[in-house]
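Biologist: Please show me the structure. Then I will ask what the labels rest on.

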Amino acid sequence: MTLGIYLTLDQSIINYGDYSTSSKITGTIYSDIYKSVAFNLTSYTVKLRLYRENQTVDVLDASCVVTVAASGTFSLTVTDGLLPTRGLYLAEVEVSQSGILLSSINRVELLIQ
């Protein structure tokens, strides 16, 4: 059986140049396509990746903070120089643990404006 994970971001738009302490990209990782069962992130690391459609190069590959492992939630604080230029990007997450690497099956749009 192949294990899949699914991503939901709490925001679809983030402002480029907003580096306030509250400026974060947050989301939840689920273990089912219906996004009804959170993926338990205990002992996993999480990376958020952004890329443009039809391109294979990541423009962001950043480690995230697991906020509540049992709820599958994570966050990434936006700092100066972290985000790529303004535009529409596709987001995915990777979770890893002791030789296990899982990538989100779905892709989520994130607009940097």
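Biologist: Why is T28 called buried?

Modeller: T28 has 11% relative accessibility. Buried means under 20% relative accessible area, with exposed over 50% and partly exposed in between (1.4 Å probe, protein chains only). So T28 counts as buried.

Biologist: What kind of model is this, and how are residues numbered?

Modeller: The model is predicted: local features need pLDDT of at least 70, side-chain atom pairs count only at pLDDT 80 or more, and totals for chains, interfaces and linings use all residues. Numbering starts from 1 along each chain as its sequence is written, and side-chain values use heavy atoms, with hydrogens and water left out.

Biologist: Which residues does T28 touch?

Modeller: Contact means heavy atoms within 4.5 Å. Leaving out residues up to four places away in sequence, T28 touches Y6, L7, T8, S71, G72, T73 and F74.

Biologist: Where does T28 lie?

Modeller: T28 lies in strand β3, residues 24–30. Strands are DSSP runs of E, at least two residues; helices are runs of H or I, at least four, and both are numbered from the N terminus. The protein has ten strands and zero helices.

Biologist: How do you know that the radius of gyration agrees with a compact globule?

Modeller: The radius is taken over C-alpha atoms, and the globule rule is 2.2 Å times the number of residues to the power 0.38. For 113 residues a compact globule would be near 13 Å; the protein has 14 Å, which agrees.

Biologist: How much of the protein counts as buried?

Modeller: Of its 113 residues, 42%.
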